[in-house]
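Visitor: Could you take me through this model, one question at a time?

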Amino acid sequence: MTLADTAARTASTQQAVQQAVPLGGPSLPQQRRLVTSIPGPKSLALTARKNRAVSAGVGVTLPVYAVAAGGAVIVDVDGNSLIDLGSGIAVTGVGNSAPALVCAVTEQLAQFTHTCFSVVPYDSYIDVAEALNRLTPGDHDKRSALFNSGAEAVENAVKIARHFTGKQAVVAFDHAYHGRTNLTMGLTAKNQPYKNGFGPFAAEIYRVPTSYPLRDGGLTGVEAAHRTISQIEKQIGADNLAAVIIEPIQGEGGFIVPAAGFLPTLVDWCRAHNVVFIADEVQTGFARTGDMFACDHEAIVPDLICTAKGIAGGLPLSAVTGRAEIMDAPQGGGLGGTYGGNPLACAAALATIATYENENLVARARHIGAIIGAQLGAIDDPRVGEVRGRGAMMALELIDPATGEPDAALTARVLASAHAQGVLLLGCGTYGNVIRLLPPLSITDALLIEALDVLAEVLAAS
Ligand SMILES: *Cc1c(COP(=O)(O)O)cnc(C)c1O
């Protein structure tokens, strides 16, 4: 295909799209409306082009092509309006194209797009750092550094912890997910699809058991922590250990909520042994769990906290925030990157964070959690092994009732049926048997309840 062909084709697609769709943002009708099968003909055509143009390694959960999104709906190229219970994986907590964010980013776009903070700095980066230092757990002296992705934040947290402690080993957990770069693949537990064929992985990463109440044989949180600590002491030794990194509620691994006492016991042990405790709140952060951060639930104070996803309403931004003495350990120039804390992303983050606070989305997340808990809790089906989670981060673990074993095939059927009915749901879990719900916190009660009704119906029929 020639360049002119490509240009003509792009223009005709754009024209078709523009004719069919309204602007995104909350003015988009908050409704489920299907006008074709899912995926529709235009999406199918785009999938054919995708397969010829995009690496097969880049997977797609629901192959409808978005043309507009607002609040908790996504409108596709065929004119279907889907209910979004994924938020682009916990990113659009404030809703898609939230007005305050659109306004702030548009303004910044006209002022300047980039200088590189490490070349010529700007104040919005400092504003974001101050907001993170204020909002993250603990009232000690803090510093922040900004990056682009969750994986990059995690990599930098490990770099900082190693530099500060002068030690090298890092402990990660069963069912952990920390990203797809080399170091974070090494920290991630699940082989397929994240690690298979991509080794060798970085050295000095050790995996230990977590607390998984449904599959722990009745261990309390404190008992599970002692099992973990004993393994660390026997196999690694605190003298070699720079950091323990954990998601306070595990995300990709299955929305696993550790038993009460697990996290505080680990934090205490780390503090007593000069081990940096890193909370990976990339998925749990920013009001999602019904607290500003999931660590707040048990009042634990991490030494370093990694944030991303919900931080900037969809613009790429991440951060490491933590104790001043740890964060200030690396030499000048040791941290950073070309785009880290890009001015557009900082403008988006400031508007997003203001929205979480001004609209009290922490309370909204709790309300959403109560609705989901009540609706899913009322499903009388022995294949529902557990309904768990916190706030607007809830999940359903599906099992074979005869054996208690994970039922990944049923999970796949339920997800496919929900998608066909216009409800975007995501799966997760080491065993592929967990359905996770991550609605935008701006979702209306009515739309949420409609989506949950669809989930209950398709489960019953699957
Ligand atoms: C998504 C995620 C990451 C990786 O973030 P990216 O922005 O995709 O690099 C890291 N940790 C957790 C807990 C995540 O959910």
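The conversation below turns to a sheet, a helix and some salt bridges.

Guide: This is a predicted model, in which local features need pLDDT of at least 70 and side-chain atom pairs count only at pLDDT 80 or more, while totals for chains, interfaces and linings use all residues. Residues are numbered from 1 along each chain as its sequence is written, and side-chain values use heavy atoms, with hydrogens and water left out.

Visitor: Which residue in E3 is the bridge partner of Val-75?
Guide: Strand E2 (residues 73-76) and strand E3 (residues 81-84) pair in the antiparallel sense, over three bridges. Within E3, the partner of Val-75 is Ser-81.

Visitor: Which residue caps the N-terminal end of H13?
Guide: Helix H13 (residues 408-420) has 13 residues, and Gly-422, whose phi is positive, near 85°, follows H13. At the N-terminal end, a side-chain oxygen lies 3.4 Å from the backbone nitrogen of Ala-409, and the residue that supplies this oxygen is Asp-407.

Visitor: How many residues apart in sequence are the parts that Arg-134 and Glu-357 tie together?
Guide: The two side chains meet in a salt bridge (a side-chain nitrogen of Lys or Arg within 4 Å of a carboxyl oxygen of Asp or Glu), with 2.9 Å from N to O. Arg-134 lies in helix H5 (residues 123-135) and Glu-357 in helix H11 (residues 343-358), so the pair ties together parts whose separation in sequence is 223 residues.

Visitor: Is Asp-291 buried or exposed?
Guide: Asp-291 meets Arg-366 in a salt bridge of 2.9 Å, N to O. Buried means under 20% relative accessible area, exposed over 50% and partly exposed in between, with a 1.4 Å probe and protein chains only. Arg-366 is partly exposed at 48%, whereas Asp-291 has 13% relative accessibility and therefore counts as buried.

Visitor: Which residues are linked with Glu-386 in a network of salt bridges?
Guide: Glu-386 and Arg-388 meet in a salt bridge of 2.7 Å, N to O. The network links Glu-386 with Arg-215, Arg-388 and Glu-397.

Definitions and conventions. Two strands pair if DSSP finds at least two bridges between them. Helices (H or I, at least four residues) and strands (E, at least two) are DSSP runs, numbered from the N terminus. The expected span of a helix is 1.5 Å times one less than its number of residues. A polar contact is a pair of N or O atoms within 3.5 Å; within protein, one must be able to donate a hydrogen and the other to accept it, and residues adjacent in sequence count only if both atoms are side-chain atoms.
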